[in-house]
Amino acid sequence: MRGYSYQRVGPLDAAGEPTGGRSLTEFSLEARVKTGLFGGAVGLVPFVDAGTVGPTATPTLSGLRLGAGLGLRYQTNFGPIRIDVGTPINPRPGDSRLGVYIALGQAF
C-alpha cells in the first residue's frame, strides 16, 4: 500500500514487527491524467489507498490505514514506467513520512 513500508499496515508485536494476519481489506482510487508532454507519453496520477490486515478470517475495517500521493507515468512500448510518492494519512509511531515506489506495468 503506497504511503507505508512493506508489511507495516497490519498488526505489529510489542517490538514493532509485523505479525501477519488472516484477512486483507484494501481499496485504491487513482486518476490517470494525461499531460501532453513528450507526445502524450507522460501522465500524472493522484491516488488514495486504504487497507488493513486482520487477525480473523472475516475481513473488517478495524485498523484501516490511509495513504495518498502523486505518481508519474511514462508510457513506453513495453508498458508504463511508474514512479509514485506516497505519505501515510494516519501513521503509527515509526512509520516513514514518505514512500517512493518504482514499477513497470499497470498497477491494476
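Author: A charge is said to sit over a ring if NZ of Lys or CZ of Arg is within 6 Å of the ring centre and within 35 degrees of the ring normal. The model discussed here is a predicted one.

Reader: Which residue lies over the face of Phe47, and at what distance from the ring centre?

Author: In this model Arg2 takes that place, 3.8 Å from the centre of the Phe47 ring. The side chain of Arg2 also makes a polar contact of 3.1 Å with the side chain of Glu30.

Reader: Where is Glu30 found, and is Glu30 buried or exposed?

Author: Glu30 belongs to strand E1, which covers residues 23-30, and with a relative accessible area of 15% Glu30 is buried, because the cut-off for that class is under 20%. Besides the contact with Arg2, the side chain of Glu30 is joined to the side chain of Arg32 by a polar contact of 3.0 Å.

Reader: How many aromatic pairs are counted, and why is the pair of Phe38 and Tyr74 assigned its geometry?

Author: Planes over 60 degrees apart count as edge-to-face. The count comes to 1 aromatic pair; the ring centres of Phe38 and Tyr74 are 6.5 Å apart and their planes stand at 85°, so this pair is edge-to-face.

Reader: Which parts does the pair tie together, and how is the accessibility of Phe38 and of Tyr74 to be read?

Author: Phe38 lies in the loop between strand E2 (33-34) and strand E3 (42-54), while Tyr74 lies in strand E4 (residues 65-76), so the pair ties together parts 36 residues apart in sequence. Phe38 counts as exposed at 69% relative accessibility, whereas Tyr74, with a relative accessible area of 39%, is partly exposed.

Notes
Residues are numbered from 1 along each chain as its sequence is written. This is a predicted model: local features need pLDDT of at least 70, side-chain atom pairs count only at pLDDT 80 or more; totals for chains, interfaces and linings use all residues. Side-chain values use heavy atoms; hydrogens and water are left out. Rings of Phe, Tyr and Trp (its six-membered ring) pair if their centres lie within 6.5 Å; planes under 30 degrees apart count as stacked, over 60 as edge-to-face and the rest as tilted. Helices (H or I, at least four residues) and strands (E, at least two) are DSSP runs, numbered from the N terminus. Buried means under 20% relative accessible area, exposed over 50%, partly exposed in between (1.4 Å probe, protein chains only). A polar contact is a pair of N or O atoms within 3.5 Å; within protein, one must be able to donate a hydrogen and the other to accept it, and residues adjacent in sequence count only if both atoms are side-chain atoms.
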